[in-house]
Amino acid sequence: MVGTNQYPNIWKDENVASDTLKEDIHQHILCTMGNDFYPARKDTYYSGLAHAVRDRLIARWVKGQRAHYNSKRKRVYYLSLEFLPGRFLMNYITNMKIKEEVKKAISDVNFTMEELEEEEWDAGLGNGGLGRLASCYMDSMASLDIPGYGYGIRYDYGIFFQNIINGYQIEQCDNWVRYGNPWEFLRRGYLYKVKFYGRSEGYTDNNGKLCYRWVDTDDIMALACDILIPGYGNDTVNNMRLWASLSCQDFNLQIFNQGDYIRAMESKTISENISKVLYPSDEREQGKELRLKQQYFFVAATFQDILRRFKKKSTDFNILPDYVAVQLNDTHPAISIPELMRILLDEEGLGWEHAWNICVRTFAYTNHTVMPEALETWPVDLLRRLLPRHVEIIYEINNRFLKSVKESFPCDPEILSCMSIIELTKEPKVRMANLAIVGSHSVNGVAELHTHILKTKLFKYFHEFFPGKFKNITNGITPRRWLLQANPELSELITKTIGHDWICNLSELKKLIPYVEEPSFCSEWESIKKKKKELLVQYIFRKHGWKVDPDTMFDIQVKRIHEYKRQLLNILHVIYRYNKMRENPSKHFIPRTIIFAGKAAPGYFLAKLIIKLINSVADVINNDPTVNKRLKVIFMPNYCVSKAEKIIPAADLSEQISTAGMEASGTGNMKFALNGALTIGTLDGANIEIMEEVGKENIFIFGLTADEIEGLKKNGYSPWEYYQKDPELKKIIDMISFGYFSTENPQLFEPIRRVLLDEGDKYCLLADFRHYVEMQEEVDRVYENKAEWTRRSILNTANMGKFSSDRAILEYAKNIWNV
């Protein structure tokens, strides 16, 4: 092992080569950007500041990496097809605790740190909760000094940039690196070959042993791109290592010289499509193949990198699980299991039992869904064509596994069928969740209800067969991003009141509880909420030209658009409220601004129609002078992390209204409550645990439970009965389906009526509607009592300690990773 005395002392301190940050900014504007720092321009100053901050970050990274290598510590490798880090500049400044230094350095220019931040595009590396959770966990690993790598794909384009035109979602390329990315380091020394297609060939080695090799392959190169993740207030800086695909040959010069320029570039284009776009549409066969290629591409490159690092210490694979913990974030990286087996069997020459023991001890799997139809499967034919050797290994894993299952369940073919990795249908498929469960030493759900459903329903037989393998680790969020950075005003009040320990120990927020009785503290709390609402109002007007009254209640639902998340239930209530106001023009109503945001998958017709409905309802309500002073509806386009940081601190009411038993956990619910919003929600996902922490009296719970929904459906749920028995609900659905909100095309929203009535209302909106309306009326009653609302708001924030990602990562470290 190289000793520390053999490393050159590159930096004596984190100021790198200059005495002041201001000088560094100017130096980078001149020498890195090739520009003049006078007159000051926002784009050049952002780039200069970004590179100056990066200098300080890389100094910490070098120190931390040296320490990790010297200590021979076990490392965590977090494999995720998506990360959703948001903007990096303010996150780095916050975690490195250099905010005041930055303010001082730019004090003589005509723009603020917040204005410079607006120059940065959100990184297009993720889509929703899965990617944001991964980014929160990366922050916590670094802040807790756990050596960790996040592995994924460096996408050229995000999932899409969402525009709203005539109320419809229009997808455009999210070219997030159009103006460059100062935060990434291209590691051209780490370029790995990734194989596809070809065939598996058996041969006999010199000892007479039957071996296999993968031959006649098409190869692609994977280039490492590192983005650094600093811990808060420490010297730990971890890596997010993302892979970009490169062609083995740039282009065919012979064909190019013949004048066929397009065909000359064909191989390069096909190869580099792999890291082109996050979640390409899989409606066509080519799209399915590209998605599978993406998954194997990043897995294959990752394991070459992991084993390269491991072999610096040892070539004894028996100790691999002592130095390497691999966490599979959902099933996208599950092809890792046969890939590691292939390496150990075919390249390292280990026997099956030996290799399998190492494999299982290395992997752990996090499940993120309770819906069977959402569990990932791949056609065997596609896998065999793309990854022929892996299919052989998967079948062998399955055969050996089913043999052991038969010993426990000898007379039950149904159990064998449920537990088989291969789904034996007309077109056989590989069940990736089953593969991940069989090949991992630990499987965890992400909320108590979610884990209960996994154990008792979704994976019941696996839980019985592998006692102790299934665990719960409730999701968490990083308080550095979602309170300290997103809400500096509230953070300052909290720190002034109870000290700064809460930043790394969120349970300290409980010390706020006695202050609910102090009028001056409550008044400051209210003032901060008002300020955050005013800032959001200014942002909305600047970006969209819409005028919003900050004195209204901000009722917010922002998340991916999906039927089970029930944005449709929310808009049913909006129409209910609109009708009530029109029927009772002199009655007092609490004024509300209802804000929606979120993207629908490009091929998800009904979700996109729901977006159109929200915007059509907004057009009617916002242009009706009889109600638009008391009710306003907004759909904010292109929801992303940087918008969430503006929206969430301004919320009064957080809508967490998914169908009970459908949401694995959710983390938006935690972010809103941490910032003092009150939740209206169902007993679903982490809502249950939030209720337990904040108290039933400080949250608005409505609707059927998961068990009640299951019973309702078993007994023959009839949405028509609810429609016929509730005249107000009937009126709302008729308004939607008969063209009240679509006069130019009265049948436009007929598919929504069909889903709710003719197709059985799968997500039980009509069953929950009346209770939802009643609970919204309770929300109005409480909001009218300003002091009571503020008291509950403070208690929500004060009791959110459990939902820190630090707590979650400590549980992973202790109960799964053994680090």
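Just after helix 27, glycine 695 takes a positive phi of about 100 degrees. The model described here is a predicted one. Because 6 of the 8 residues of helix 27 are buried, the helix is largely enclosed by the rest of the structure; the buried residues are Asn687, Ile688, Glu689, Ile690, Met691 and Val694. What covers them includes strand 20 (653–656), helix 26 (668–674), strand 22 and helix 33 (786–798).

## Asparagine 698 in the following loop

Between helix 27 (687–694) and strand 22 (700–701) runs a loop that holds asparagine 698, a residue that counts as buried at 1% relative accessibility. A polar atom of the side chain of asparagine 698 lies 2.8 Å from the backbone oxygen of valine 694. Leaving aside residues up to four places away in sequence, asparagine 698 touches Leu678, Arg791, Arg792, Leu795 and Asn796.

## Aromatic pairs

The model has a count of 34 aromatic pairs. In one of them, the rings of tyrosine 515 and phenylalanine 521 have centres 5.4 Å apart and planes at 45 degrees, so the pair is tilted. Tyrosine 515 is partly exposed, at 23% relative accessibility, whereas phenylalanine 521 is buried, at 4%.

Phenylalanine 700 and tryptophan 789 form a stacked pair, 6.1 Å centre to centre with 25 degrees between the planes. Because phenylalanine 700 lies in strand 22 and tryptophan 789 in helix 33, this pair ties together parts that are 89 residues apart in sequence. Both phenylalanine 700 and tryptophan 789 are buried.

## Charges over rings

Arginine 213 lies over the face of tyrosine 203, at 4.0 Å from the ring centre, and the charged end of lysine 599 sits over the ring of phenylalanine 160, 5.1 Å from its centre.

Conventions: Residues numbered from 1 in each chain as written. Predicted model: local features only at pLDDT ≥ 70, side-chain atom pairs only at ≥ 80, totals over all residues. Heavy atoms only, no water. Helix = DSSP H or I, 4+ residues; strand = E, 2+ residues; numbered from the N terminus. Buried < 20%, exposed > 50% of the residue type's maximum accessible area, 1.4 Å probe, protein only. Polar contact = N/O pair within 3.5 Å; in protein donor to acceptor, adjacent residues only side chain to side chain. Contact = heavy atoms within 4.5 Å. Phe/Tyr/Trp six-rings, centres within 6.5 Å; stacked < 30°, edge-to-face > 60°. Lys NZ or Arg CZ within 6 Å of the ring centre and 35° of its normal.
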